[in-house]
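Me: I would like to learn how to read a ligand site and a few strands in a model of this kind. Could you take me through the terms as they come up?

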Amino acid sequence: MRLQPIFDIAELCARKGVTQAILCPGSRCAPLTLAFAKHDDIQVRTISDERSAAFIAHGIAQQSQSPVILVCTSGSAAYDFAPAVAEAFFQGTPLLIFTADRPKEWIDQHDGQTIRQENIFGVHVKKSFSLPEDYEHPDAQWFIHRTLNEAINLAEEFPKGPVHINAPFREPLYPGKGEKITFSKKIKIIATAQSSPVLIKAEIEELQRKLAGFSKTLVVAGQHDFNDGLAKALDKFSSSNHAPVVGDILSNLHANLNVIRYADTFLSVCGDDVQRSLQPELLITFGKSIISKHTKLLLRKLKPLEHWHVQPAGVPADTYQSLTKVIRCEPKDFFKSLTSDKKDKGFEHQKKENFLRVWQAEEHRTGLSMSTYFNEPTFSEFALVKEFISGLPQRCNLHLANSMSVRYANMAGIGAGKKGIHVFANRGTSGIDGCTSTAVGHSLCNEIPNFLITGDMAFFYDRNAFWHNYPLPNLHILVLNNHGGIIFNMIDGPGNATELDEFFVTRQKLTALPLATEFGFAYLHLDSLKKIKNNLKDFFIFDGKTKILEIESTQDENKRAFEKFKQQIKSGYGT
Ligand SMILES: Cc1ncc(C[n+]2csc(CCOP(=O)(O)OP(=O)(O)O)c2C)c(N)n1
């Protein structure tokens, strides 16, 4: 059949272990849609809104750590993938994106549903490929399958990421009467051997020598998936070197008992003297971005003498403007090789231990202030988030939308030892456009409870996350509805502008009830302190339906509660 090399793409993907596909409706993409849909080893789902579809694919790929196929028709559909493509690029999520196209000669010829699709995702994909539109010559088939191999291998290579394949198709796009789609047995597969960068012995010795010379070493962990081996290696490194480890909620280090969780909170209020006592000589970082603005500010102001960033490959970020060394290996291996049983003695030992104690003292001080604050019941989003996180089951996914949701959760922190709670957030681009869809993607391909905490704007923005036919019994959503973007009320700048309400907060009147009714979800409504305990109890019960718990509160209530929290933390410093 003329389209056989295209149909065989499905076979090639399956053989390379790429078995999840999200297909968006359209005609131009029919050859690919039919091939993937007909293949026994590929699980296909159809999602009509391309923006949601791409974020759902991103969620599935993040959960499975394997590339997910995304297919759309020609025209603006491809552009609707763009926000998720950028998020996947910055988070290192592998996607295999197919955009069906008109043959080259029909571009710019006033043909329908035709735009300029080559390289449409620009610099936010690892590479963009174009397939030929004619397949008669045997080299065309070789070219198509070589390209597919290259694209999949590239998507999976660290740092993983999205790749784009533009596929122009000539008509007819559907098999003729009596023609059946089958897959060739002989398919060209190009595998890649697994490898991992390893530090040479001399380099390890040099790093060990330098590390021993610093009395104040601080580790800051960026966004990172949970990794048991890494968590253990880091714990050992931290105790053997007396190095405090600062971890955001998104660094997924809550297995570790001694992680500094409240850095953002105490750094926002502590004075210059305390800040100076926290300044490291050596800063070691790994992972992606951190949420904590105040950690960034501290380290940019009080720069370390050296900053080592551990990242196996890819361009490292100089987030603190002090980067001196890029270390090309897995963070787990790095921390293992810099952990020693040798104990420092005397004054050197004392100096190192003191530095750790200073960080721990600030953590402890803040922990006490937080307990005092949360012991007094208040009706606010922050108090609810704290209570909700404390009640999370041992094993679940927690998804956090931008912007106050992820910040509240980060400030509340997850209790030490709870390593079964894996936390995700779209912090690649920090958009509010696909937070729900990403959580939906995760929920579609795992069976554990998935919880999403989201503000009202992010929630209503992405309501098409639910516009499909796949049930989501394991997804429960906590909507913090303050009828606008409260973040703009909380931060300096817009918080003082007269245009605040109209152009920043953007007041909106919706509640989640009509949406819950429309999609057949269970719905709980919280508008008073009295109902919190019972509502949360119901919310944690999984009984086969998607559940929404919506807290409706005013921006003033939440702002006051947050101001009071800051006052409580300050009072810990006697101010
Ligand atoms: C796609 C996109 N558009 C705009 C923004 C800017 N933005 C950041 S937070 C926010 C408001 C979010 O409101 P809501 O979801 O209700 O959360 P809250 O601020 O109340 O926590 C906006 C518009 C963004 N991050 N992403």
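Reply: A polar contact is a pair of N or O atoms within 3.5 Å; within protein, one atom must be able to donate a hydrogen and the other to accept it, and residues adjacent in sequence count only if both atoms are side-chain atoms. This is a predicted model, in which local features need pLDDT of at least 70 and side-chain atom pairs count only at pLDDT 80 or more, while totals for chains, interfaces and linings use all residues. Residues are numbered from 1 along each chain as its sequence is written, and side-chain values use heavy atoms, with hydrogens and water left out.

Me: Which backbone atom lies 3.1 Å from a nitrogen atom of the ligand?

Reply: A backbone N or O atom of I432 does. On the ligand's oxygen side, an N or O atom in the side chain of D456 is 3.1 Å from an oxygen atom of the ligand, and a polar backbone atom of M457 is 2.9 Å from a ligand oxygen. Of the 590 Å² of accessible area that the ligand has on its own, the protein covers 78% (Shrake-Rupley method, 1.4 Å probe).

Me: Which residues come nearest to the ligand?

Reply: A residue is near a molecule if one of its heavy atoms lies within 4 Å of it. There are 17 residues around the ligand, of which M404, M457, A458, I486 and I487 come nearest. Helices (H or I, at least four residues) and strands (E, at least two) are DSSP runs, numbered from the N terminus; α17 (456-461) and α18 (487-490) are the elements that give two or more residues to the shell, and α17 gives the most, with 4 residues.

Me: How many residues of strand β6 are buried?

Reply: Buried means under 20% relative accessible area (1.4 Å probe, protein chains only). In β6 (residues 162-168), 7 of the 7 residues are buried. In a regular strand the side chains alternate between the two faces of the sheet. Here P162, H164, N166 and P168 on one side, and V163, I165 and A167 on the other, are all buried.

Me: Which strands are joined to β6 by bridges?

Reply: Two strands pair if DSSP finds at least two bridges between them. Strand β4 (residues 95-101) runs parallel to β6 and is joined to it by 7 bridges, with L96 partnered by V163. Strand β5 (residues 128-130), also parallel to β6, is joined to it by 3 bridges, and F129 has I165 as its bridge partner.

Definitions and conventions:
Buried means under 20% relative accessible area, exposed over 50%, partly exposed in between (1.4 Å probe, protein chains only).
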